[in-house]
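Colleague: I would like a close look at a single part of this model, with some context first. Please keep it plain.

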Amino acid sequence: QVQFAESGGGLVQSGGSLRLSCSVSRRIFSTYDTAWFRQAPGKQRERIATITIDGSTTYADSVKGRFTISRDNAENAMYLQMNGLKPEDTAVYLCNALTSYSTNYVRYTWGQGTRVTVSS
């Protein structure tokens, strides 16, 4: 079983930045597309950034131009640089591997996530 450990969240003022990290227990980036998701209180989980096996990236409209996904294959780690944070970005952020790029189904059990709170 692959395990994910997210970190880097915290409390930040509107307009601020955070860099989230996702540590993965096994090498998966050359095998699966991976993504960052977030879940805000009372809302459905939302896929916000994806990085494919070949390194292509895509973003949800809600974060496009503000967030950047990246990874370090040697470190088995994935990152999410978040700039221009808004109160609506407040959520628990999680990472996982996708069953396929075209769906939001994931392969592994979710980690605990890292909480981001953006104050206005």
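How far apart are the mean positions of the positive and negative charges of the protein chain? After that, please go through the disulfide.

Modeller: The mean positions of the 13 positive charges (Lys and Arg) and 9 negative charges (Asp and Glu; His and the chain ends are not counted) are 3 Å apart, with each charge placed at NZ of Lys, CZ of Arg, CG of Asp or CD of Glu. This is a predicted model, in which local features need pLDDT of at least 70 and side-chain atom pairs pLDDT 80 or more, while totals for chains, interfaces and linings use all residues. Residues are numbered from 1 along each chain as its sequence is written, and side-chain values use heavy atoms, without hydrogens or water.

The protein chain has 10 strands and zero helices, as DSSP runs numbered from the N terminus (strands: E, at least two residues; helices: H or I, at least four). Of its 120 residues, 42% are buried, meaning under 20% relative accessible area with a 1.4 Å probe, protein chains only (exposed is over 50%, partly exposed in between).

Now the disulfide, a pair of cysteine sulfur atoms within 2.5 Å. The whole structure contains one: Cys 22 and Cys 95, with sulfur atoms 2.0 Å apart. The two cysteines are 73 residues apart and join distant parts of the chain, Cys 22 lying in strand β3 (residues 18-24) and Cys 95 in strand β9 (residues 91-97). The link is right-handed, with 85° about the S-S bond. Cys 22 has 1% relative accessibility and so counts as buried; Cys 95, at 0%, is buried too.
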